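Please look over the sequence and the model first.

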Amino acid sequence: MPHLKVEPFKTEELDRLIAEEEWLHFRAVPESAAPVELLGVEFEGEPFLLEIKKRPEATVLRADKISRPLDVGRIKRCLAALAEKAGWKILHSNIEESAQRPPLAAEAEKSIRDFESMRFPMEKVALEVGFGSGRHLLWQAERHPDTLFIGVEIHTPSAQQVLRQIRLRGLQNVWVVNYDARLLLEMLPSNLLEALYVHFPVPWDKKPHRRVISDAFVEEALRALRPGAVLELRTDSENYYRYALEVFSRPPKSDFRVEKNRDLPVVSKYEARWRRMEKNIYTLSLRALEASSPRQADFDFTFHEPVTYDSIRMVPSKPVVEENFFVHFGRAYRFSDDSGGIVECSFGSFDRPEHKYLIYRDKEPLRYFPERPVATATNARAHQKIGAIVYGR
Ligand SMILES: C[S@@+](CC[C@H](N)C(=O)[O-])C[C@H]1O[C@@H](n2cnc3c(N)ncnc32)[C@H](O)[C@@H]1O
């Protein structure tokens with residue numbers, strides 16, 4: 001990840017720059033003794049935080065984990081612009097933009113939030129979950145220019161690599177979402193998908209609750225598939241195969257079939273490895289038989305009132321655990337101009353939590369940073385709880 005190591009400087013000096021530069025919003029100082037400050041920026045239209053780690057021999061700046069942009073080039077350009085404005089002496093950096101690396105296809109990158117009010121530009125839409133190197137996704141997109149292929153991948157470097165490929169190949173019908181597929185699926189309208197591919201998901205033999213395929217996932221998949229469309233699962237794991245058989249046999253209004261060692265014209269890196277090892281490959285195709293009713297999507301994630309510093313200081317430091325969700329407040333920071341502050345907050349369902357910040361300021365309602373949570377029913381319940389805690393209700 002891009003970072004900048006500069007000669008130690010007084011971080012208070014940044015306050016003058018914040019007053020001058022519109023894209024620098026605030027400096028936040030931890031309430032605890034931790035030697036890490038945060039700088040709030042909005043660079044090239046994207047809000048995120050830079051972490052400033054103070055060490056005796058050097059100060060290190062990098063994008064913070066929760067809010068960092070997918071486009072690494074944007075982080076590099078932001079750090080370079082800041083170093084130039086501040087006139088720091090750079091001791092080490094990796095922010096030179098590589099001339100050889102093609103840029104990402106920015107128009108193909110979609111954020112999970114985009115799906116809250118998405119208009120799909122093509123009539124046919126397919127989804128691939130965990131596309132990895134993207135061989136299958138790109139192959140499908142090249143062969144079916146009349147279909148929009150949405151690829152969702154939780155691993156950021158894989159998403160970036162495929163965004164480069166999309167640009168190199170000039171594909172106009174692929175979108176990439178760097179997020180948890182289980183949440184994206186919940187965001188899709190009912191009866192949308194022509195196909196849903198889940199090829200070689202991680203088997204998670206020791207932590208089955210982390211598997212992509214679950215009763216909840218299949219229920220959402222059947223809702224998002226149009227009648228007659230298929231969820232295609234391919235796996236080399238006997239364990240996962242048996243587990244999926246059970247899960248697929250439960251939901252009503254669906255049927256499924258199983259094929260052993262069916263070849264596809266395109267072979268992913270994983271599949272090639274299993275084939276060399278002569279492992280069996282199972283394909284399970286689960287078909288939606290009936291149309292589903294529309295999904296509920298009118299969740300409200302706004303807070304309506306300001307929060308005082310005192311209420312923020314009173315939030316519990318331990319996780320608040322309810323039946324289907326939790327809320328956990330993390331490290332708290334105060335803005336250097338004393339107008340408010342920012343608090344880490346994780347919440348939502350146990351297996352796919354949201355990680356955000358909450359910003360509070362005098363006279364302004366509390367808000368999420370860098371953006372509000374994904375609109376799911378579980379997040380909506382967690383949001384209610386956050387409100388109840390900070391407003392003391
Ligand atoms: C074993 S790889 C298979 C990759 C690819 N489908 C193939 O056949 O080569 C599993 C992929 O799923 C991704 N993945 C795991 N959990 C995910 C989730 N919840 N949402 C999206 N992607 C996920 C991983 O990052 C990884 O790239």
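Which residues does Ala332 touch, not counting residues up to four places away in sequence? The answer is given under the heading on Ala332.

## Basis of the model

The model is predicted; local features need pLDDT of at least 70, side-chain atom pairs count only at pLDDT 80 or more, and totals for chains, interfaces and linings use all residues. Residues are numbered from 1 along each chain as its sequence is written.

## Ala332 and its surroundings

Ala332 touches Glu31, Ile312, Gly341 and Val343, leaving out residues up to four places away in sequence; two residues are in contact if their C-beta atoms, placed from the backbone, lie within 7 Å. Ala332 belongs to strand S16, residues 326-335. Helices (H or I, at least four residues) and strands (E, at least two) are DSSP runs, numbered from the N terminus.

Ala332 counts as buried because it has 22 C-beta neighbours inside 10 Å; a residue is buried if 20 or more other C-beta atoms lie within 10 Å of its own, exposed if 12 or fewer, and partly exposed in between. From Ala126, Ala332 is 206 residues apart in sequence and 41 Å apart in space, C-alpha to C-alpha.

## Overall architecture

The protein chain has 10 helices and 19 strands. An automatic or database domain assignment divides the chain into domain 1 (3-93), domain 2 (106-288) and domain 3 (309-390). The centres of domain 1 and domain 2, taken over C-alpha atoms, are separated by 37 Å.

Of the 393 residues of the protein chain, 37% count as buried. Along the principal axes, the C-alpha atoms fill a box of roughly 65 × 55 × 40 Å.

## Nonpolar cores

The largest nonpolar core has 61 residues, of which Leu184, Leu193, Leu196, Ala221 and Leu225 touch the most other members. Such a core is a set of buried Ala, Val, Leu, Ile, Met, Phe, Trp, Tyr and Cys residues joined through C-beta atoms within 7 Å. Apart from neighbours within four places in sequence, Leu225 is in contact with Leu193, Leu196, Leu231 and Ala288. A second, separate core of 41 residues includes Leu14, Ala63, Val72 and Phe335.

## The ligand shell

The ligand is surrounded by 22 residues, the closest being Gly130, Gly132, His155, Ala181 and Ser268; a residue is near a molecule if its C-beta atom, placed from the backbone, lies within 6 Å of it. Helix H5 (181-187) and helix H8 (269-276) each supply at least two residues of this shell, and H8 gives the most, with 3 residues.
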